[in-house]
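Biologist: I'm new to this one. Can you put it up and walk me through it?

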Amino acid sequence: MQHSGVKDTQLRENSNQKVHPQPMEEATNQNPEAMEALVSRIFTNISSLKSAYIQLQAAHTPYDPDKIQAADKLVISELKTLSELKHFYREHNPKPVCVSPQDSRLAAEIQEQQSLLKTYEVMVRKFQSEIQNKDSEIIQLEQQIQESIHKRVKLEKNLKLRGLSTNESPGSGSETGLSSPDLSPDMFRSAVEAAYKAIHDFSKPLINMMKVAGWDLDAAANSVEPNIIYAKRAHKKYAFESHICQRMFMGFKDESFSLITKNPPETKESLYQQYLALRETDPLDAVGQSPDSMFGKFCQNKYLLVVHQKMEASFFGSLDQRNYITGGGHPRTAFYQAFLKLAKAIWLLYCLAHSFDPSVKIFQVKRDSEFSEVYMDSVVKFFIVEDGDEKPKVGLMVMPGFWIGGSLIQSQVYLTGVKVVE
C-alpha cells in the first residue's frame, strides 16, 4: 500500500501534464471507415473536377459561349465541394495547438479564399469578354437590320416604278422612310418649276455640243422657228428651249403619255405612288433596274424625239448610242444622263398631273398669239413697248401653262416686237 504523500505527489505531477489533441494517425485509426469514405469522396470530386475542366477546354474549340458558361459553373461547383470536404476534415481532425499567435488554420482559410477570389476574377474576365462579344454581335445585327430596311425601301421603289405595288396600308410610308404628302396645288407648282429648270439645264449641254460640232447656231435657231426677231442674239437660246419643251410635252394630256402599252391604264393612286418612288431615285438607277418600265420607255422615246439623228451623228461621229437606245438600252454616257434628269422632271410632272381628280389640264400658246398677262409670263422680264407699236406677240413658248382646279399656272413665252431694258 502506497503512502498517502507519495500518492499526492503523483496526482500533482499528473495534473501538471499538458493534454494535446490526438495526432492524425490516432484519429484516423479511431475511425478508419469514415476516413476511407472521405478519401473516396475526395477522389471522386477530383475526377469530376478534371472532367469539368476538360469540358471547359473543349468549349473553347470551337468557341461556344453557352457551353463555356455551363462548364465554368460546373468547375466552380466542384471546387466548392472540394473546399467543403477540406473544412469537414479540419473540423473532425484538428491540428495540435500552435504556439505561434498566428493560427495556421486561419492562414489556410485566407489562402483558400484568395484562390477562390482568383477563380472569380478569371470568371469575371471571361464574362466581360463574352459581354464584349455580345455587344459586337448586337452592332452587327443592327447594321444588318439597317441594310435590310434599305434593301426593302429600294425594292418597294422598284415595284412602284413598275406599277406592281399600288395598295399600301396607312402609315406604311413612315415605316419605309417614304413620306406621302397630300396632293396640293403648291406641290404641283413646285413640280412645274422643276420641269422648267430641267429644260433650261439640258439646253446648255445641247448648245455646247452643237458649238463643239461646228454648228451654225443662228441657222439652227432659225430652223426651230423661222423669222423670229430676237431682241438680243443671246436670246436665241430660247429657240432650243422651245424645241425641247415642244417635244417633251407632246402627248402630256393623254393618260398613257402617248406610250404604246398592253397594260391597262394606270390608276391615279398608281401614278402618285410612282411619283413618290421616283422623286428620290437617281433616274439612271431607275432605268437600270427597270429598263422596260413606263418611265424607261418614256426616256427612250423622248430622247429620239429631242435629239435628231443628224445632230447625234455630228456630236458622237456615229449613231451607235442612238441604235443602242432604239434597241431598248439605256447608255451610261454623260450626255444621256443629263437627258435622264430632264426626262425625270417631266415624268414626275406627268404623274402628279394625272394624280389629281380631275386631272390637271395643260394649255399651250401658239406663235403670234397676242400677249396676255393673265395666261402668260414673259421669260424676258424687263422690256418696253413704245407708243404706236403693236401689242407684243408670242414668238416662242418655252413652257406650257396649266389649269389645276380653279388655279392657273401661267405659260412661259418669249415675246417679239419688244425692246429690252438694259
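Modeller: The secondary structure comes to 15 helices and 8 strands. Helices (H or I, at least four residues) and strands (E, at least two) are DSSP runs, numbered from the N terminus. This is a predicted model, so local features need pLDDT of at least 70 and side-chain atom pairs count only at pLDDT 80 or more, while totals for chains, interfaces and linings use all residues. Residues are numbered from 1 along each chain as its sequence is written, and side-chain values use heavy atoms, with hydrogens and water left out.

Biologist: What share of the residues is buried?

Modeller: Of the 422 residues, 35% count as buried. Buried means under 20% relative accessible area, exposed over 50%, and partly exposed in between (1.4 Å probe, protein chains only).

Biologist: Let's pick a helix. Which residues of α13 are buried?

Modeller: Met311, Glu312 and Phe315 are buried in α13, which spans residues 309-316. Seen down the axis of α13, its buried residues fall within an arc of 95°, so they line one face of the helix. That arc is taken from the directions from the helix axis to the C-beta atoms.

Biologist: What do they pack against?

Modeller: The partners of the buried α13 residues are α7 (185-212), α12 (294-306), α14 (320-326) and α15 (334-353). Contact here means heavy atoms within 4.5 Å.

Biologist: What follows α13?

Modeller: Gly317 does, and its phi is positive, near 80°.

Biologist: Switching to charges. How many salt bridges are there?

Modeller: The search of the whole structure finds 9. A salt bridge is a side-chain nitrogen of Lys or Arg within 4 Å of a carboxyl oxygen of Asp or Glu.

Biologist: Which residue does Arg233 pair with?

Modeller: Asp218, with the closest N and O atoms 3.2 Å apart. Arg233 lies in the loop between α8 (217-224) and α9 (237-248) and Asp218 in helix α8, so the pair ties together parts that are 15 residues apart in sequence.

Biologist: Is Arg233 buried or exposed?

Modeller: Arg233 is exposed, at 60% relative accessible area. Asp218 is partly exposed, at 27%.

Biologist: Now strands. What is the order in the open sheet?

Modeller: The 3 strands run in the order β1-β5-β6, with antiparallel pairing. β1 and β6 (407-409) stand at the edges, each with a single partner strand, so one side of each is left without a neighbour in the sheet. Two strands pair if DSSP finds at least two bridges between them.

Biologist: How many bridges join β1 to β5?

Modeller: 3 bridges join β1 to β5, residues 401-404. Phe363 stands opposite Gly401 in β5.

Biologist: Which helix lies across β5 and β6?

Modeller: α7 does, running at about 10° to β6. Axes are lines fitted to C-alpha atoms, for helices over the stretch in contact, and angles run from 0 to 180 degrees between N-to-C directions.
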